[in-house]
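Let me put the structure up, and then I'll talk you through a few spots in it.

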Amino acid sequence: MEGVLVRKIKKICVFCGANSGKDVAFVNAAFHLGKVLGKRKIDLVYGGGKLGLMGCVSTAVAQHERQVLGIIPSAFTINNLVGETCGKEIKVATMQERLVMMMELSDAFITLPGGFGTLEELFQMISWAQLNIHNKPIGVLNINGFFNGLLSFVDHAVKQEFITPRARKILISATTADELVDKLQAFRFEPDPALSKLKWSPSSSQKEKLDLTLRL
């Protein structure tokens with residue numbers, strides 16, 4: 001990364017499955033990502049609990065003596081549905097409130113394998129970046145080709161002119177944790193000239209933020 005201005009990243013939000021998945025490589029990669037974050041002195045923001053890959057990455061970060069913050073809807077804490085959060089926990093009322101807080105408290109985002117919820121979080125962050133609500137880097141850790149189909153679909157949408165080449169650059173991918181963090185640190189946000197004119201006032205109500213569900 002010589003000659004490249006490196007973005008300072010202190011906290012990374014990780015989106016991933018509450019299941020471990022079929023391939024043991026997913027679990028190993030989640031633990032390794034936590035180890036990499038710990039060695040680089042990067043704290044973790046995640047969805048709380050200890051299930052699946054979420055539990056793996058949070059446990060690994062904590063073991064390397066970095067701060068872990070779980071942001072969890074109160075509904076998930078009833079009857080200990082997702083297990084005990086590894087680190088500090090903030091309870092919120094809704095899923096959208098959770099995502100807004102994740103965005104505000106993190107410097108970058110990494111997505112590991114997961115299901116519909118994980119994909120929703122990933123694409124919500126991408127659409128908010130496209131709308132110039134934030135300018136933080138977003139990446140997927142493509143373990144054993146898990147995201148190959150998704151990346152191919154995004155490229156297909158570019159060819160069909162539903163996603164611009166500029167917007168395509170928002171989504172970063174790598175096959176190893178170290179490579180992905182390096183790419184996040186080197187990321188340079190290129191706002192769309194038209195969308196960059198949008199003004200999202202800090203004084204806007206929380207409801208306005210939470211109601212943002214544009215599908216781009």
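This is a predicted model: local features need pLDDT of at least 70, side-chain atom pairs count only at pLDDT 80 or more; totals for chains, interfaces and linings use all residues.

Residues are numbered from 1 along each chain as its sequence is written, and side-chain values use heavy atoms, with hydrogens and water left out.

So, the core. The largest nonpolar core has 59 residues, and I12, V14, L37, I110 and L112 are the ones with the most contacts inside it. By nonpolar core I mean a set of buried Ala, Val, Leu, Ile, Met, Phe, Trp, Tyr and Cys residues joined through side-chain atoms within 4.5 Å. Buried is under 20% relative accessible area, exposed is over 50%, and partly exposed is in between, using a 1.4 Å probe and protein chains only. Helix α1, residues 24-39, gives this core its largest share, 8 residues. Helices here are DSSP runs of H or I, at least four residues, and strands are runs of E, at least two, numbered from the N terminus.

Take V14 from that list. Past its neighbours within four places in sequence, V14 is in contact with L33, L37, L44, V45, Y46, V57, I110 and L112; contact means heavy atoms within 4.5 Å.

Now, how does α1 sit against α2? The axes come within 7 Å and cross at roughly 30 degrees. Axes are lines fitted to C-alpha atoms, for helices over the stretch in contact, and angles run from 0 to 180 degrees between N-to-C directions. That makes α1 roughly parallel to α2, since under 35 degrees counts as roughly parallel, over 145 as roughly antiparallel, 65 to 115 as roughly perpendicular and the rest as oblique. On the α1 side the contact includes F26, V27 and A30, and on the α2 side L53, C56 and V57 are among the residues.

What about α1 and α7, residues 177-186? Those axes come within 9 Å and cross at roughly 50 degrees, so the two helices are oblique to each other. H32, L33, V36 and L37 of α1 meet A177, D178 and V181 of α7.

Back to α2 (residues 52-63), where S58 is found. Is S58 buried or exposed? It's buried, with a relative accessible area of 0%. A polar atom of the S58 side chain lies 2.9 Å from the backbone oxygen of M54. Not counting residues up to four places away in sequence, S58 touches L44, Y46, G49, V68 and C86.

T111, in strand β5 (residues 108-111), is also buried, again at 0%.

N132 is in the loop between α4 (116-130) and β6 (138-141). N132 is partly exposed, with a relative accessible area of 25%. N132 and K197 are 65 residues apart in sequence, but 8.5 Å apart in space, C-alpha to C-alpha.

Last one: R7, in the segment before β1 (11-15). The R7 side chain reaches the backbone oxygen of N135 at 3.4 Å. Leaving aside neighbours within four places, the contacts of R7 include K136, P137, L184 and F189.

Definitions and conventions: A polar contact is a pair of N or O atoms within 3.5 Å; within protein, one must be able to donate a hydrogen and the other to accept it, and residues adjacent in sequence count only if both atoms are side-chain atoms.
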